[in-house]
Protein chains: 2
Amino acid sequence: MDTRFSSAIHILIMIAGSAQPLTSETIANSVGSNPSYIRKVTGLLKKKGILDSRQGIHGFSLLVPPEALSLCSIYQAINESDEVHVFDLHQNPNDACVVGRHIRPVLAETFRGIEEKAERQLRQTTLADCMDKMRIRIGEEQ
Amino acid sequence: MDTRFSSAIHILIMIAGSAQPLTSETIANSVGSNPSYIRKVTGLLKKKGILDSRQGIHGFSLLVPPEALSLCSIYQAINESDEVHVFDLHQNPNDACVVGRHIRPVLAETFRGIEEKAERQLRQTTLADCMDKMRIRIGEEQ
């Protein structure tokens, strides 16, 4: 199970919503993980210019406003790929068998439609949309 | 990486297209896996009434015609769940934090639209559609 995407959104909501600088330790405590995992995920987000962590100051800052940060950009940063993968393909089908030789392109073509729709939807959804949903739930809680 | 779904489609195409009974060994050779993995996947398909393997005879038979077997049914059998999951959620966010407390329902709601679209598309695609795509590629190869 790859939960880095889901964790990355959690991390970014925390950073976007906090007036104080947050450390990896504080974030890990909320995500339910450890600081080294948080640094791995934030490292991927920094590489894509989504986050910054300034030298000498503990904490991260968001370089893209939540309204302009699509879930697709987050997904791509985390997966270090421009493509959205929905279903994994098995890696080593046997080329000597006619089914084995063609199965991966057949399934890639079959899954592509789903992946394109997923990508479009991730592109249309921003971090701000997730924060709005969260605000509603927090409001309902009170 | 969970490639059981992709492997299951491979297995079912082989079984649907073979005039001879196929053993786990033959199938494993094409999938690029081992017989015990194939028996694990076929076990899940048998449980849902998609496959049969008759006692005393080595080999599997398809109980649902390829035209009537949707990729959604295969997916559900393999995942032992009626729901299509597209993105995994992190498991242990901290309820003591306001973000940690709400992140899973917020992301579940955000991802639901993508999952519903994926499910609809899997429901509309059959094993026969995949076999048709494969036949075209085999034809082009010759």
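# A tour of a two-chain model

Start by selecting chain A: of its 142 residues, 37% count as buried. A residue is buried if 20 or more other C-beta atoms, placed from the backbone, lie within 10 Å of its own, exposed if 12 or fewer do, and partly exposed in between. This is a predicted model, where local features need pLDDT of at least 70, side-chain atom pairs count only at pLDDT 80 or more, and totals for chains, interfaces and linings use all residues. Residues are numbered from 1 along each chain as its sequence is written, while chains are lettered from A and ligands numbered from 1 in the order in which they are written.

Next, color chain A by pLDDT, the predictor's confidence in each residue from 0 to 100. The average is 93, and 97% of the residues score at least 70. For the complex, the predictor gives an ipTM of 0.90 and a pTM of 0.86.

Now switch to a cartoon view of chain A. You will find 6 helices and 2 strands, in the order α-α-α-β-β-α-α-α along the sequence. Helices (H or I, at least four residues) and strands (E, at least two) are DSSP runs, numbered from the N terminus. Along the principal axes, the C-alpha atoms of chain A fill a box of roughly 60 × 35 × 25 Å.

Bring chain B into view. How many residues of chain A are in contact with chain B? There are 44, and they touch 44 residues of chain B; two residues are in contact if their C-beta atoms, placed from the backbone, lie within 7 Å. To see this side of chain A, select α1 (4-17), α2 (24-31), α5 (98-124) and α6 (127-141), which each give two or more residues to it. Among these, α5(A) gives the most, with 15 residues.

How do the two chains relate?

For the last stop, select helix α4 of chain B, residues 71-79. Its buried residues are B:Leu71, B:Ile74, B:Tyr75, B:Gln76, B:Ala77 and B:Ile78. What covers them includes α1 (4-17), α3 (35-47) and α5 (98-124) of chain B. Step just past α4(B) to B:Glu80, which takes a positive phi of about 50 degrees.
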